[in-house]
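Morning, everyone. Today I want to talk about aromatic rings and the core around them. Please have the model open.

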Amino acid sequence: AGIEDDGAPLFLHFEVIPDHLPERLRAMIAQFPPGVLQLEVGVQSFNTAVQQTISRRQDNAASEANLRWLRSHSHAHLHADLIFGLPGETLASFAAGFDRLYALKPHEIQLGILKRLRGTPIDRHSLQFGMVYATEPPYTVLQTGSIDADTLQRFTRFARYWDLIANSGRFEQSAALLLDNTAIGTIPGTQETSAFFRFLAFADWLWQNKGETGGLSPENLLDAIFAYLTGQAGLAPAHVRQTLLADYLASGARGAPETLRGILPYRPPLDKKTRSLAQRQDQHGRS
């Protein structure tokens with residue numbers, strides 16, 4: 001529900017600086033009821049060397065504290081963004097930043113890939129950091145001195161699957177199984193797993209098995225998550241199936257995924273409606 005204004009629900013969307021959240025602004029944010037306020041938090045990178053290279057001043061500790069406060073003391077729907085392919089950023093350093101942000105539990109982590117805007121300061125780093133961009137708009141970075149072209153493509157698939165599974169709000173509990181409870185996805189050179197590398201392992205597997213990043217229905221994704229978690233990850237099928245069932249029912253979907261055949265309760269058909277921002281927020285708001 002939102003604040004009513006002449007009978008129409010009100011939804012407000014603002015961008016905030018991650019390390020600047022003064023008390024006066026906190027007091028205002030805390031007054032908004034659920035489902036009204038969405039905040040874009042532009043983190044971009046937690047890598048201090050990268051921040052210095054792109055002349056970005058950001059107090060990472062303050063940013064973390066502010067995100068924790070927003071998650072705990074407000075009803076705002078939080079979108080926090082990271083950018084892949086910044087000068088000097090490696091896959092490992094980006095993964096560390098992703099894990100750091102994931103631990104703060106924003107409702108959505110938006111993953112972007114660096115784009116070159118002609119005439120902007122980022123241009124001066126092209127030669128020093130081996131930046132290669134597409135020659136056509138939107139001039140997306142194709143490779144850097146730290147990240148090769150294959151890794152850029154691999155991350156592009158990761159970001160697409162992340163949006164379909166984690167950001168969609170349709171697989172809240174199931175995504176937690178992927179990100180928190182699998183032994184696949186170790187940090188290179190270590191025996192430790194991380195949320196980023198766990199999801200990267202899944203994204204690689206999904207690409208190998210589906211060969212596409214578009215045209216995947218919620219039912220296709222549900223069946224794929226079940227196959228991966230019970231096959232590759234070795235989790236108990238009964239537990240995974242019940243987790244997927246809970247997510248599927250909560251999402252309001254009306255299909256018949258193979259994994260849930262025989263255990264889906266009867267659901268009367270619904271008229272087709274456009275999924276609004278409020279509905280998407282409501283799904284993320286279950287946690």
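One term before we start: a residue is buried when its relative accessible area is under 20%. Keep in mind that this is a predicted model.

Take phenylalanine 196 and phenylalanine 197. Both are buried. Their ring centres lie 5.2 Å apart, and their planes meet at 85 degrees. Planes over 60 degrees apart count as edge-to-face, so this pair is edge-to-face.

How many aromatic pairs are there? The count comes to 18. Here is another one. The rings of phenylalanine 84 and phenylalanine 94 have centres 5.0 Å apart and planes at 90 degrees, so they too are edge-to-face. Where do these two sit? Phenylalanine 84 is in strand β5, residues 77-84, and phenylalanine 94 is in helix α4, residues 91-102. So the pair ties together parts that are 10 residues apart in sequence. Both of these residues are buried.

Now, charges over rings. Arginine 100 lies over the face of phenylalanine 46, 4.7 Å from the ring centre. Lysine 105 has its charged end over the ring of tyrosine 102, at 3.7 Å from the centre.

Last, the core. The largest nonpolar core has 76 residues. Which of them touch the most other members? Phe98, Leu111, Phe158, Trp162 and Phe196 do. Helix α7, residues 195-210, gives this core its largest share, 10 residues.

Look at leucine 111. Set aside its neighbours within four places in sequence, and leucine 111 contacts Leu82, Phe94, Phe98, Phe155, Phe158, Ala159 and Trp162.

Conventions
Residues numbered from 1 in each chain as written. Predicted model: local features only at pLDDT ≥ 70, side-chain atom pairs only at ≥ 80, totals over all residues. Heavy atoms only, no water. Phe/Tyr/Trp six-rings, centres within 6.5 Å; stacked < 30°, edge-to-face > 60°. Helix = DSSP H or I, 4+ residues; strand = E, 2+ residues; numbered from the N terminus. Buried < 20%, exposed > 50% of the residue type's maximum accessible area, 1.4 Å probe, protein only. Lys NZ or Arg CZ within 6 Å of the ring centre and 35° of its normal. Core = buried A, V, L, I, M, F, W, Y, C linked by side-chain atoms within 4.5 Å. Contact = heavy atoms within 4.5 Å.
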